[in-house]
Each structure stands twice: as structure tokens, then as C-alpha cells.
Amino acid sequence: MARFLLTTFILLTTFISYAQKKFTISGTIKDTATGESLIGAAVRIQEISSAGTSTNSYGFYSLTVPEGEYTLIFTYIGYETQFQKISFHKSQVLNIVLNAKTDLQEVVIRANKPNNDNVSSPQMGVEKLNMTQINQVPVVLGERDILKTITLMPGIKTAGEGNTGFYVRGGASDQNLILLDEATVYNASHLLGFFSTFNSDAIKDVSIYKGGMPAEYGGRLSSVLDIKMNEGNNKDFTVQGGIGLIASRLKVEGPLVKDKGSFMISARRTYVDFLLKASSDTSISGSSLYFYDVNAKANYHFNDKNAIYISGYFGKDVLGLKNVFGTNWGNSTGTIRFNHLFNNRLFSNTSIIYSNYNYVVQSFQSNESFKATSKIMDVNLKEDMQYSLGSTHTLKFGLNILHHDIAPGDISTTQVSSFNEKHVEQRYGYETAAYLSDEWKASDQLTILYGLRLSGMFLLGPGTFKTYDAAGNTLTSNAYGSGSIVKKYFNLEPRLSASFAINDENSIKASYNRNTQNIHLLSNSTSSTPTDLYVMSSNNIKPEIADQVATGFFKNFKDNTYEFSAEVYYKWLQNQIDYKDGAQLMVNQDVESLLTYGTGRAYGIELFLKKKYGRFNGWIGYTLSRTERKFDAIDNGKYFPARQDRTHDVSVVGIYRFSKRWSFSGTFIYATGNAVTYPTGKYNVGGLTTFSYSERNSYRQPSSNRLDIGATLEGKEHKKYHSSWTFSIYNIYAHRDPYTITFRDSKTVPNTTEAVETSIFATLIPSVTWNFKF
Amino acid sequence: MKTIPLYILVFFILLSASSCDKVIDLKLGSETGELVIEGVITNVKGPQYIKLTTNVAFSNTNTYPPVTGAQVTVNDQAGHTYTFTESAAGVYSISQLTGTAASVYTMHVSTNGKNYTASSTMPKQVGLGSITAAKNSFDSDNNKKKITVHYSDPKGVVNQYKFLLYVNGVQVKRVFVNNDDFTDGNYVSFDLIQDDIDIYPGDKVTVEMQCIDKAVYTYWLTLMQQDYNGPGGGVTPSDPPTNITPQVLGYFSAQTIQTKSLTVKE
């Protein structure tokens with residue numbers, strides 16, 4: 001594969017050098033005040049409407065055009081547009097700084113051609129969120145949260161109230177690849193899902209790909225959530241933070257060497273446990289319940305051609321009851337990246353990435369004492385290249401080798417314990433990938449982004465590897481030596497998306513992509529738990545495969561103030577996983593014998609209307625969709641609705657700037673209830689009322705709806721510091737959103753049964769946070 | 001080990017003060033009139049019962065129509081056939097059958113022109129050591145108690161256990177099962193964690209311990225897992241896998257039983 005890439009590359013380069021006399025302009029685009037590089041800023045040439053590019057993850061751009069006199073236009077949302085006249089007779093470097101818009105300028109009519117990226121870019125099925133907006137959306141208990149805010153976009157659905165899990169276009173929650181500075185975050189939730197692991201203070205850019213996935217991403221079926229941390233201010237030291245009802249946070253950033261390097265450290269901790277300590281009930285006061293996380297990043301630019309970025313994340317949750325049980329879990333990630341500019345057209349990034357997720361569950365009761373541990377650890381080496389091939393082609397290609405080390409479960413005990421020591425064999429494997437993609441501006445109107453990704457999975461020894469029949473009985477059992485290949489899978493994943501611009505304001509796009517997944521989360525619980533178990537594709541588990549086609553209409557109007565899009569998708573899923581009855585997944589050597597396999601399909605339409613600028617802005621999203629699964633063992637192999645099948649899903653977000661100091665926001669959501677299985681009868685066995693069921697998920701939980709509001713009061717302007725208050729009320733009309741419905745013998749009327757609805761937040765929840773910056 | 005999700009669940013219910021329950025009206029379908037067979041052969045001398053009923057709609061009272069006039073027999077592996085007679089409507093019994101360890105029993109039920117069979121192996125009895133009451137760690141201040149069962153699991157043999165808990169003669173509505181995946185060969189203390197009936201000093205508590213075979217264990221484990229339907233857990237419910245063919249609701253179990261009682265002290 002590597003040789004293939006190289007050959008293609010050389011051929012293309014040779015081809016270009018014989019063409020017309022062209023030069024390259026390249027550089028970086030940064031924020032004037034902080035020196036943070038701007039990701040996805042657009043670079044256009046006024047005189048050649050088809051020429052244009054945007055900055056990559058490191059703020060770098062490169063554009064090759066014939067010589068001439070040009071006006072370059074640099075635009076980025078929330079920033080003033082900059083025009084630069086150049087006399088273009090040799091290749092040159094042009095570094096640009098853009099000024100963030102102040103509030104007053106926001107209403108000024110924008111000159112010339114404003115950003116219409118969503119219409120002109122061939123990329124579809126992508127949502128980019130602006131951190132300013134995320135910070136204004138009201139959330140429960142005042143902890144702003146990226147994962148909760150993205151579920152307000154069409155096609156992305158929350159796994160439930162008080163749960164940071166999300167479903168994208170009918171996929172399961174483990175089919176989302178969550179990347180923090182390129183490192184996989186396996187469990188993105190704190191406190192069993194009430195909060196996400198992402199501290200908004202430390203986050204610079206959030207993009208989620210729902211479809212039309214670019215070839216540089218792979219490894220999961222449904223989506224990629226690509227989160228990038230702030231680099232740190234390279235001009236001045238700043239300190240900012242917030243004090244909230246349940247958590248406080250602090251961020252420090254500043255230059256390491258002015259204009260050359262900077263650092264950022266951001267930390268957060270909850271203090272519910274201090275409140276618990278005050279409880280008069282000794283069983284509550286003796287319990288622990290908190291999480292903390294730390295994000296840190298530093299970068300140094302040696303010169304115009306070389307830069308290094310080091311970033312890391314560490315988070316931990318602790319939950320326990322004194323002398324009874326304790327559990328803690330957390331992610332840690334580390335990324336070292338090295339940017340090198342071979343020449344002004346060829347950009348390279350080399351990354352070494354570490355990711356670790358582990359949990360510990362402990363019981364302290366003397367006769368039941370045990371300690372169960374589990375971990376998944378990845379080391380990943382990635383090489384990504386970007387090559388600007390004339391004004392109409394941008395090539396991206398790269399290689400990726402990821403090593404998994406999974407310890408599914410170990411139990412250690414004491415002498416007096418009821419429990420035995422137990423060890424489930426550690427598993428090792430490699431996920432590898434090579435990709436090549438090209439963004440080709442075929443004409444003024446047609447842009448095509450096409451690519452190919454080859455993914456390989458190698459499951460390695462040492463260990464004993466079994467195969468099982470459908471009933472779960474062992475068929476074969478073979479021992480493999482260290483490093484020998486037990487099973488390998490290769491998959492070719494074509495990716496294609498194209499946009500056809502009808503004019504500046506309207507376009508039609510279409511895409512097809514295939515994705516495969518070789519690491520699978522096993523969990524027969526319906527919500528997120530810390531005891532996640534990951535397994536690789538093996539003799540029994542085949543790679544999951546998804547094929548998706550999508551098409552859409554994109555429109556901007558009123559000078560690009562409004563954005564509208566309508567996308568339709570259809571997705572086929574293969575090798576999906578479900579569990580047999582009574583499956584005991586924890587610390588089980590034969591866990592693969594408990595699985596059954598099936599297929600799935602998902603389709604839907606997503607409508608999105610957004611007002612981008614002005615005192616009043618926000619969006620409305622609507623999704624009409626269906627998600628189904630099919631397993632031989634369930635309902636005689638008929639399609640049944642997946643739990644996350646939600647026919648209607650509406651979200652409305654509005655932000656209104658009332659005055660210089662006050663702004664208000666509100667979100668409203670409505671969603672069809674989950675597809676669930678309810679009893680269709682009852683009987684008695686073992687002295688207990690027992691329920692009988694017919695078809696899987698043939699009922700609907702009651703629909704959910706909720707209105708949240710928020711207000712921000714900016715402090716009086718002051719030279720040295722800035723402060724603000726954020727107020728929010730979650731669930732303002734105290735709607736009872738059903739969390740779960742259980743069936744039981746009635747507690748009031750003897751000899752009958754009743755259905756009981758449990759809600760997590762059945763009341764309105766006010767909160768207040770004080771933020772500061774100096 | 002299987003109690004961990006329950007710990008986390010109870011913990012969260014304790015903490016999420018704003019979470020609340022409400023009885024609601026739901027329109028549920030009704031697929032009723034399906035045959036339910038519950039057959040149990042024990043190692044204790046006395047009548048053995050096989051009960052035949054049908055299921056009813058969720059909105060009905062908990063009374064289940066008996067299925068009368070069925071032919072019910074049980075064979076043991078020595079070739080004996082025991083014929084059960086209908087002692088009450090839908091209740092088929094026999095007095096002169098006492099199960100013995102390691103024997104395979106096969107049930108034949110014939111009703112409405114259909115024949116149903118199931119086999120179960122009576123496990124070797126493991127002695128019920130003792131039962132104790134201790135402070136309930138989740139609500140120690142109110143003097144609530146939890147019940148623990150103690151027994152010695154034999155080494156190198158696969159064992160499955162089921163427990164019934166009665167408080168002042170009322171059965172606690174929870175399924176308690178355990179196997180020796182994690183405890184083989186040990187002195188086991190198994191907590192009967194439940195939130196159905198609060199236990200206080202002065203209460204009379206009785207525990208029945210059953211040794212059951214693997215298929216019956218999977219049946220009950222499936223039901224037990226469906227109990228944890230609150231925050232932090234819960235599986236999609238379905239009818240548990242029965243050992244009766246053709247498939248009906250219910251099960252057939254050859255099991256050992258022993259009981260111990262205790263009056264809870266301060």
C-alpha cells in the first residue's frame with residue numbers, strides 16, 4: 001500500500017510540473033490576540049472563483065495558482081474578513097492574522113462574499129460547532145457540555161436524559177469514534193453519563209462527521225467526533241475559570257517563548273462529595289462521588305517549517321460507599337505531533353498517540369472482598385500528508401498503525417473472600433490503515449472529494465483462541481504463540497462525496513461511504529456504565545461494516561445569514577452484535593460464546609435551518625428516521641426497531657443578545673420515545689409475578705420534551721479582568737421525561753400489577769456559575 | 001460479582017434525590033391464553049407438583065386460569081414412570097416420588113392435543129451453612145438489616161444456586177441466583193440484596209436454598225437481569241429461555257431444597 005501511495009504521488013507530481021507555470025502561496029492563519037491557529041478558515045482568490053482552500057488542523061493552507069495579480073480573501077466565522085493584494089510571480093509564504101469580531105461589528109453589513117462554505121464544500125453530513133455557541137446553550141447544572149450540545153443537531157440523538165451517549169444516524173453509541181487531539185477516548189462520560197469528559201474551557205474546535213466521511217478517518221461505523229484542544233495563548237498569560245454549583249474549573253495559558261510557543265492547562269473538579277459529607281445519614285456521608293479532569297497542551301514552533309505539539313488528558317471518576325464498595329475509572333490520553341513542511345505544497349504531520357481506559361471495582365466487605373480491574377491501552381503511530389496539487393487538487397494521504405492491548409478482566413481477592421482470583425487472557429492486535437484522498441474542483445460548479453481507505457486488522461497471540469457454534473458450545477480451541485497472527489481481516493473502504501453548485505447560494509451534494517469497525521463494545525446494559533468491555537474482531541466476531549448513501553440540498557440566503565439544508569440518508573449495517581439470554585459479560589473468558597450476530601438498516605431525512613449572524617441567532621433541526629436491526633434469534637429473523645429508533649426528533653436553539661451585557665438563550669427538544677419491549681401478558685413462576693413478551697421493541701416510551709433557558713450577564717468592562725454570570729434553568733416547565741418504565745406488583749392494590757414511570761429530572765433545576773478571566 | 005450493577009443502581013437511587021416514580025396507565029397488548037408449565041421435583045419426601053396455567057393480560061388481577069385435564073408423567077433414568085394426578089384444578093401431583101442427586105428426570109405433559117417434554121438433572125446437594133442478619137450498608141442509620149447466606153461451595157464441580165427469602169412468611173419478590181464462576185471451592189457469603197421488603201429487628205426471616213441445574217439457572221438469571229431496569233443497567237426484556245420443548249412459558253427443574261430460619265436481633 002505504501003508503495004502504491006508513493007507511486008501515485010510521484011506520478012501526480014511529475015504530471016503537474018510539466019503543466020503551466022504555477023506558483024504556490026502558503027502560510028498559517030491565526031488569531032491576532034491569542035496566536036491560536038484557526039482551523040477551517042477559508043482562503044479564496046477573488047479573480048479565480050474556482051480556486052480556494054481552507055486551513056487544516058494546524059491552521060496551515062497552501063494554494064497553487066498560475067502567476068498573476070490577485071486579491072486573496074481570508075474568512076473565518078466570527079472573525080473580520082481580510083483582503084490581501086498580491087503580485088504573484090514566485091512562490092511565497094503569507095502568514096495571516098485575523099481579528100475576532102467584537103459585538104458591535106457583528107451587525108455591520110459584511111462586504112463582499114461572505115462565508116458560504118456549507119454550500120460550496122463537497123463535504124456533507126458534517127456539523128461544526130462554534131465554542132461561543134456551545135457556551136451559551138443552557139445545560140443541566142450549568143456544566144456546559146459538548147456532547148450534550150451536539151445532540152441538538154439533526155441526525156444526532158441523545159442516549160437519554162442524564163446520559164452523554166449519543167446515536168448518529170441509527171448507529172450504536174460504540175460506533176462513534178471520539179477523538180481528543182487524535183487520541184481515542186473510549187468512555188466519554190463522567191458520573192455514569194451525567195457529564196462528558198470534555199471540559200469546554202480546553203476545547204477549540206468540534207466537528208462531527210455523520211456521513212460522507214473523509215478517507216483520513218476510519219475505524220468506526222457511524223461517526224467521527226473530532227475534538228481539538230486549545231493550543232494556548234502565545235502572546236500573553238491569561239487565567240480563566242468558573243465556579244459553579246457542582247464543579248469549578250480553572251485554566252491557565254500563556255507563551256512559553258513569545259510568538260513561538262505556548263502552553264495551556266485546564267482542570268476541573270466536582271464537589272458533590274463535600275455536600276455528601278455534610279449529610280446526617282452515615283451511609284451517605286461515608287460515600288465518595290466525584291470526578292476531576294486535566295487537559296494540558298504545549299506547542300513550539302522551531303521555525304516556519306517545523307513545529308511540535310504535545311497534549312494530554314487525564315480524567316478520573318471515583319464512586320464508592322465506605323467499607324462496602326468502591327469503583328474508579330478514567331481515560332488518559334497523550335499525543336505528540338510533529339509538523340513538517342517539506343516545501344510550500346507538501347505538509348506532513350507525524351503523530352504518536354497513547355490512549356488508555358481502565359476501571360477498578362472493589363468490594364471491601366471482608367467475606368466478599370475482591371478487586372476487579374480491566375483496561376484497554378492503545379499506542380498509535382500516524383503519518384498524514386497533505387499536498388496541494390495545483391489550484392484544483394488537494395491530496396491527502398497517510399498511514400496509521402494502532403496497537404491494542406486489552407486486559408478484559410482480572411479479579412484479585414484476599415484469603416477470607418468468597419471470591420477466587422480470576423484472570424481473562426490479555427488480547428493484543430493491530431489495526432492498520434492506509435488512505436489516499438483528493439479534493440478535486442472539477443469545474444466552477446462541481447467539486448468532488450474522493451478517496452480510498454484500506455484497513456487491516458490483525459489479532460495476535462499469545463493465548464488460547466476458541467471458536468463457538470451458534471449455541472455457544474466450543475468448536476475448536478487453539479493455542480498461539482506470542483506475536484503469531486490468529487486472524488486477519490482486510491477491508492477496502494471507498495469514500496466519495498460531490499457537490500454541484502447551482503449558484504453561490506444553492507448546491508446539491510451526494511455521498512457514498514463504506515466504514516468498517518474492528519473494535520466492539522460489549523454491554524448488555526441500556527445505559528453507559530464504567531465496566532465497559534472491548535473486544536477486537538476475532539475468529540467469531542467479524543468486522544462490522546456500514547455502507548451509507550446520502551444526498552442533500554444546501555441553501556444559503558439573505559447574504560448567507562441563513563443556512564438551510566435537507567439531507568436524506570440510507571445505511572446498511574452488517575455483522576451487528578447482540579447478546580444471548582442471561583449473558584454474563586464481566587470477567588468471562590468465553591464472552592464471545594454469548595454473542596449473536598445480525599444486520600441492520602437505518603434511513604431518514606434531516607432538515608436544518610440556522611441563522612448565523614445577528615443579535616438573534618440559533619437553529620432548528622428536525623429528523624424523521626427509522627433504525628432497525630435483524631437477528632435470526634430474535635422475532636424469527638424479522639426486522640425490529642432498535643432501541644434508539646426515534647421517528648421524530650426536533651431541537652430548537654435560540655440565542656438573543658439583548659444588550660451589551662445581557663444575552664439570553666433557550667433550547668427546546670421534542671423526541672419520539674425509545675422503542676422498548678413491554679409485557680403483553682403475565683403469569684406466575686417461583687411465586688413471582690412474571691411478564692411475558694411478544695415482539696422486540698414493539699412499544700414506544702412516551703415522547704419527551706423539554707425547555708431549558710439561560711442568561712449570561714457580562715461584568716462591567718474593566719482593563720485588567722473580565723467576569724460574567726451564567727444562569728440557567730433546566731426543564732423550566734418541570735416536564736417529567738420518562739427515563740424508564742418498570743412493571744411490578746402493585747404496592748397499593750393487592751393482587752394486581754402496575755406500570756411505574758421513573759424520571760430523573762422531574763423538576764426544574766436552576767443553576768448559576770460565575771466565570772472570570774484575567 | 002453479579003451484584004455490582006445492583007450496588008451502583010441503589011447508590012444512584014439514593015443520590016438522585018430529584019428522581020421520582022409515578023404509576024402510569026399504559027395501553028398494553030394482550031397475548032394471553034398461552035400455556036405456562038411450572039414443574040418441580042425436589043429431594044424432599046412429600047408431594048411433588050407440576051402446575052399448568054395460562055397467562056393473562058397485564059390489566060387483569062394476578063389470578064391465572066388453571067389448565068385442567070392434562071396427562072402429566074415424569075420418568076427417571078432407571079425407567080420408572082410416575083403418573084401425576086390432578087389434585088386441584090391445574091395442579092398435578094404425586095406423593096411417592098423423592099428426587100435423588102445426579103438423576104435425570106424427564107417430564108411429559110400432554111394437553112390440548114400437544115405433547116411437551118423437558119429434562120432436568122438434580123444436582124448434588126450443597127449444604128446450607130447458615131443465614132445471618134447484619135447492618136444494611138445502604139441504610140444503616142434506620143437499623144435496616146440485610147440477610148446473608150453462607151455455604152461451602154464444593155471445589156471442581158459446577159454449582160448453581162437459587163434462594164427464596166421470606167420475611168414474616170411473605171416472599172420477597174426478587175430472583176436471587178448465584179453460581180460458582182467466581183467462587184468455586186470457597187466458603188461463600190452471598191448477600192440477598194433487595195428493596196422489596198425492609199427487614200428490621202424482630203422480623204422472622206426464612207431462606208430456602210435450592211441447588212439447580214445449568215439450564216434452570218440461565219432461566220432465572222435472565223429474569224434476575226431484567227429486574228435491574230433502573231438507571232445504570234437493565235437488559236431488553238424477553239421471555240427467559242425455557243428447557244421445555246416445544247417452547248412454552250415456564251420451566252422444569254429437578255432441584256434440592258433446604259430451609260433455615262432466623263429471628264432478626266438488634
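# A guided tour of chains A and B

Begin with chain B, whose domain assignment gives domain 1 (35-121) and domain 2 (127-233 + 257-263). Please keep in mind throughout that this is a predicted model. Colour the two domains separately; their centres, taken over C-alpha atoms, are separated by 26 Å. Display chain B as a cartoon, and its secondary structure comes to 2 helices and 17 strands. Of the 266 residues in chain B, 44% are buried. Among contacts in this chain between residues at least 6 apart in sequence, 64% join residues at least 24 apart.

**Stop 1: the nonpolar cores**

Select B:Ile37, B:Val149, B:Phe163, B:Leu165, B:Val177, B:Val207 and B:Trp220. These residues have the most contacts inside the largest nonpolar core, which has 58 residues. Helix H2 (residues 214-227) of chain B supplies the largest share of this core, namely 7 residues. As a general background, nonpolar side chains tend to be buried together in soluble globular proteins.

Now centre the view on B:Val177. Leaving aside residues up to four places away in sequence, B:Val177 touches B:Gln160, B:Tyr161, B:Lys162, B:Tyr217, B:Trp220, B:Leu221 and B:Met224. Apart from this core lies another, of 54 residues, and among them are A:Met153, A:Phe166, A:Ile178 and A:Ile227.

**Stop 2: a mixed sheet in chain A**

Next, show strands S9, S16, S17, S12 and S13 of chain A. In that order they form an open sheet of 5 strands with mixed pairing. Strand S9 (126-129) and strand S13 (183-184) stand at the edges; each has a single partner strand, so one side of each is left without a neighbour in the sheet. In general, the strands of a sheet pair through backbone hydrogen bonds, either parallel or antiparallel.

In which sense do strand S12 (residues 176-180) and strand S17 (residues 223-229) of chain A pair? Their pairing is parallel and runs over 5 bridges. To see one of the positions involved, select A:Asn176, whose bridge partner in S17 is A:Ser223.

**Stop 3**

Select A:Ala215, placed in the loop between strand S16 (203-209) and S17 of chain A. Is A:Ala215 buried or exposed? It has 25 other C-beta atoms within 10 Å and is therefore buried, the cut-off being 20 or more. Not counting residues up to four places away in sequence, A:Ala215 touches A:Tyr435, A:Leu436, A:Ser437, A:Gly451, A:Leu452, A:Arg453 and A:Arg495.

**Stop 4: an antiparallel sheet in chain A**

Then select strands S3, S2, S5 and S6 of chain A. These 4 strands form an open sheet in that order, with antiparallel pairing. At its edges stand strand S3 (52-54) and strand S6 (82-88), each with a single partner strand, so one side of each is left without a neighbour in the sheet. Neighbouring strands of this sheet are turned by 20° against each other on average, direction ignored. Strand S2 (residues 42-45) and strand S5 (residues 68-75) of chain A pair in the antiparallel sense over 4 bridges. Within S5, A:Thr75 is the residue opposite A:Ala42.

**Stop 5: backbone details**

Most residues other than glycine have a negative phi, and most peptide bonds are trans.

- Select A:Gly461 and A:Pro462: the peptide bond from the former to the latter is cis, with omega near 5°. A:Pro462 is in the loop between strand S29 (446-460) and strand S30 (463-468) of chain A.
- Select B:Thr245 and B:Pro246, which are joined by a cis peptide bond with omega about -15°. The loop that holds B:Pro246 runs between strand S16 (244-245) and strand S17 (249-263) of chain B.
- Select A:Asn575, in strand S37 (residues 562-579) of chain A. Its phi is positive, near 55°, and with 19 C-beta neighbours inside 10 Å the residue counts as partly exposed.
- Finish at A:Asn636, in the loop between strand S39 (616-631) and strand S40 (639-641) of chain A. A:Asn636 has a positive phi of about 55° and is exposed, with 8 other C-beta atoms within 10 Å.

Methods:
Residues are numbered from 1 along each chain as its sequence is written. Chains are lettered from A and ligands numbered from 1 in the order in which they are written. This is a predicted model: local features need pLDDT of at least 70, side-chain atom pairs count only at pLDDT 80 or more; totals for chains, interfaces and linings use all residues. Two strands pair if DSSP finds at least two bridges between them. A nonpolar core is a set of buried Ala, Val, Leu, Ile, Met, Phe, Trp, Tyr and Cys residues joined through C-beta atoms within 7 Å. A residue is buried if 20 or more other C-beta atoms lie within 10 Å of its own, exposed if 12 or fewer, and partly exposed in between; C-beta atoms are placed from the backbone. Two residues are in contact if their C-beta atoms, placed from the backbone, lie within 7 Å. Domain bounds come from an automatic or database domain assignment. Axes are lines fitted to C-alpha atoms, for helices over the stretch in contact, and angles run from 0 to 180 degrees between N-to-C directions.
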